[in-house]
Amino acid sequence: MKPKIWLSAPHMGGNEQHYVNEAFDSNWVAPLGPNVDGLEQNIAHYLRENTSVAALSSGTAAIHLALVMLGVQPGDEVICQSMTFSASANPIAYLGATPIFIDSEPETWNMSPVHLEAAIKDRLSNGKKPKAIIPVHLYGMPAHMQAIMEIAERYDIPVLEDAAEALGSAIDGVKCGTFGVMSVLSFNGNKIITTSGGGALVAKEAKYTEKARFLSTQARDAAPHYQHSQIGYNYRMSNICAGIGRGQMEVLLERVAQRRAIFDKYEQRYSGHPGVSFLKEPEGYSSNRWLTTILIDPQQAGINRETLRLALENDNIESRPLWKPMHLQPVFANCPFYGDDCAEKLFENGLCLPSTSSLTDSDIERIFSVMDSVFQHELTIVGGR
Ligand SMILES: *Cc1c(COP(=O)(O)O)cnc(C)c1O
């Protein structure tokens, strides 16, 4: 069996171990400490001056706390992009609220501003004002934030930006993770940089990150004994994980450049094939290209995304269909959905390709030789008809 090529594997920079050792040497083996403070500063500095950051145990935890702080209660409604990873929507359900799912737009594959506004109008006419809007920058491509923010402001609904896949992306130089009232980052093992597992809450106003630090350490009131007047959570990042994160922040820009170079290689080689397309950056948009994705139109290409996925799997190469939209998931079957079939079609025809920043030339050759054989094979059959 050939060695496995993963979709998106961790890629250490070199200094991670140094920060982790420092934590051991000083016995800061705790969910707090100098690495946590250091990582928060590194992220804030990268995103923008005057941004505040709270490092947490996961991106999912950050979404959960953000919704708590926005006052989401049982029976409330929260608008969420349908085409996303389930972690964008699960915390809505944790709070007993209902997700209202919105279709994608073809330009970015993210939340359609048109369907967003239609949904808001319809919910308002039903007598319910949504408590928040959660757009996502899928695979690193920024959502259409200008239109989404404009609609959110017009209807006075806060935006919680799910930037879990988009650290390193930007629109006109404004970085993803700084658009929302609050924004969420993830450092899970498969993301562009990792703390093995972890996440962060980002906010313009420090009151939110201060509150997140309080809630994520069990909501302890100031007293010598344990005193609580609110429900708390155990969601803080550990000083060990934060040490990995500090090392990873040092190589973030390198990782973005590497992922973008991988995208270019796939795009250059396969965009000429009939029925094959890649997601382009709209004017002014910059994607970190966390995952390279390919769309295959079965009518024109003569093969479908499953043909390619299975051929790769057969060579021990991991790929994955695009995220299955939440409105098509059994667990969210009863939730309202606004849109048509954009996200559904993307799911049917799209595949995420191996995009690890440490892919070697020989890994890429191996992937290309499988892909060549799949596409060439069909070309010969089509030509022979
Ligand atoms: C990874 C991810 C999350 C959750 O982050 P975790 O750190 O894994 O909890 C949320 N939203 C999106 C879009 C993600 O890709």
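In what order do the strands of the open sheet stand? The order is 1-9-8-5, with 4 strands and mixed pairing.

The structure is a predicted model, in which local features need pLDDT of at least 70 and side-chain atom pairs count only at pLDDT 80 or more, while totals for chains, interfaces and linings use all residues. Residues are numbered from 1 along each chain as its sequence is written, and side-chain values use heavy atoms, with hydrogens and water left out.

View 1. Helices (H or I, at least four residues) and strands (E, at least two) are DSSP runs, numbered from the N terminus. Two strands pair if DSSP finds at least two bridges between them. Strands of a sheet pair through backbone hydrogen bonds, either parallel or antiparallel. Here 4 strands form an open sheet of mixed pairing. Strand 1 (52-56) and strand 5 (160-162) stand at the edges; each has a single partner strand, so one side of each lacks a neighbour in the sheet. On average, neighbouring strands of this sheet are turned by 20° against each other, direction ignored. Axes are lines fitted to C-alpha atoms, for helices over the stretch in contact, and angles run from 0 to 180 degrees between N-to-C directions.

**View 2. Strand 1, strand 9 and two helices on the sheet.** Strand 1 and strand 9 (residues 199-203) run antiparallel and are joined by 5 bridges. A55 stands opposite A200 in strand 9. Helix 2 (residues 34-47) packs on the sheet and touches strand 1, strand 8 (182-186) and strand 9. Contact means heavy atoms within 4.5 Å. The direction of helix 2 makes about 135° with that of strand 1. Helix 3 (residues 59-69) also packs on the sheet, touching strand 1, strand 5, strand 8 and strand 9, and its direction makes about 165° with that of strand 8.

**View 3. Helix 8 inside the structure.** Buried means under 20% relative accessible area, exposed over 50%, and partly exposed in between (1.4 Å probe, protein chains only). In helix 8 (residues 239-249), 11 of the 11 residues are buried, so this helix is largely enclosed by the rest of the structure. Among them are N239, C241, R246 and M249. The buried residues of helix 8 pack against helix 1 (16-25), helix 2 and helix 9. At the start of helix 8, a side-chain oxygen of S238 comes to within 3.2 Å of the backbone nitrogen of I240.

**View 4. Salt bridge between R154 and E117.** A salt bridge is a side-chain nitrogen of Lys or Arg within 4 Å of a carboxyl oxygen of Asp or Glu. By this rule the count is 19 salt bridges. In one of them, the side chains of R154 and E117 meet at 2.7 Å, N to O. R154 lies in helix 6 (residues 145-155) and E117 in helix 5 (residues 113-125), 37 residues apart. R154 is partly exposed at 44% relative accessibility, whereas E117 is buried at 18%.

View 5. D372 and R269 form a salt bridge (2.6 Å, N to O). D372 is in helix 13 (residues 361-384) and R269 in helix 9 (residues 252-270), so the pair ties together parts 103 residues apart in sequence. D372 is buried at 17%, and R269 is partly exposed at 41%. R366 and D315 also form a salt bridge (3.1 Å, N to O). R366 is in helix 13, and D315 is in the loop between helix 11 (305-314) and strand 13 (320-321). R366 is buried at 14%, and D315 is buried at 15%.

Technical notes
A polar contact is a pair of N or O atoms within 3.5 Å; within protein, one must be able to donate a hydrogen and the other to accept it, and residues adjacent in sequence count only if both atoms are side-chain atoms.
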